[in-house]
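Try each task on your own before you read its solution.

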Amino acid sequence: MVPLRVEPKVYFANERTFLSWLHFCVVLGGLALGLLNFGDRVGQISGVVFTLVAMIFMGYAVNLYQSRSSMIRRRDPGPYDDQTGPYVLCAVLFFAIGLNFYLKFTSPSNMIF
């Protein structure tokens, strides 16, 4: 078996992907912080949920970055893609958004009549 040649741009692409995931985590954490500080009771509960979601995303990003960089160092031929992770993260995010809407529309302070 011939050893694979790894170009430096592969390391940078992995790091760039990691930083992109972290950017999303910071945006989501900022939203959660705003809800925690300036929201009503429902907003504070949603802020805690969004904080947990941002931490889940951060853990996923770190795990993916470390596994890919160890595969790159070992010159593993792949596959480097993740088939289930983004779907699970989207489901978690949709759950948090749905919970936010549910709490907002069923709270007694927001009744129309």
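This is a predicted model: local features need pLDDT of at least 70, side-chain atom pairs count only at pLDDT 80 or more; totals for chains, interfaces and linings use all residues.

**Exercise 1.** Find out where Ser107 lies, and decide whether Ser107 is buried or exposed.

*Solution.* Ser107 sits in the segment after α3; helices here are DSSP runs of H or I with at least four residues, strands are runs of E with at least two, and both are numbered from the N terminus. Step two: look at the cover. Ser107 counts as buried because its relative accessibility is 7%, where buried means under 20% relative accessible area, exposed over 50%, and partly exposed in between (1.4 Å probe, protein chains only). Step three: look for a partner. A polar atom of the Ser107 side chain lies 3.4 Å from the backbone oxygen of Lys104.

Residues are numbered from 1 along each chain as its sequence is written, and side-chain values use heavy atoms, with hydrogens and water left out.

**Exercise 2.** Which backbone oxygen does the side chain of Ser69 reach?

*Solution.* Start with the place: Ser69 is part of helix α2. Next comes the cover: with a relative accessible area of 9%, Ser69 is buried. Now follow the side chain, and you get to the backbone oxygen of Gln66 at 3.3 Å.

**Exercise 3.** How many salt bridges does a search of the whole structure find, and which residue does Lys104 meet in one?

*Solution.* Begin with the idea: side chains of opposite charge can pair when their charged atoms come close. The cut-off here is a side-chain nitrogen of Lys or Arg within 4 Å of a carboxyl oxygen of Asp or Glu. The search gives three salt bridges. Take them in turn:

- Lys104 meets Asp40 at 3.2 Å, N to O. This pair links distant parts of the chain, as Lys104 is in helix α3 and Asp40 in the loop between α1 and α2, 64 residues apart. Lys104 is partly exposed at 31%, and Asp40 is partly exposed at 34%.
- Glu7 meets Lys9 at 3.8 Å, N to O. Glu7 is partly exposed at 35%, while Lys9 is exposed at 57%.
- Arg74 pairs with Asp76, their closest N and O atoms being 3.6 Å apart. Arg74 is exposed at 55%, while Asp76 is partly exposed at 25%.

**Exercise 4.** Describe the aromatic pair formed by Trp21 and Tyr60.

*Solution.* You need two values, since a pair of aromatic rings is described by the distance of the centres and the angle of the planes. Rings of Phe, Tyr and Trp (its six-membered ring) pair if their centres lie within 6.5 Å; planes under 30 degrees apart count as stacked, over 60 as edge-to-face and the rest as tilted. The whole structure holds five aromatic pairs. In one of them, Trp21 and Tyr60 are 5.2 Å apart centre to centre, with 75° between the planes, so edge-to-face. The pair links distant parts of the chain: Trp21 is in helix α1 (residues 8-38) and Tyr60 in helix α2, 39 residues apart. Trp21 is partly exposed at 21%, whereas Tyr60 is buried at 13%. Finally, ring pairs link Trp21, Phe24, Phe57 and Tyr60 into a cluster.

Methods:
A polar contact is a pair of N or O atoms within 3.5 Å; within protein, one must be able to donate a hydrogen and the other to accept it, and residues adjacent in sequence count only if both atoms are side-chain atoms.
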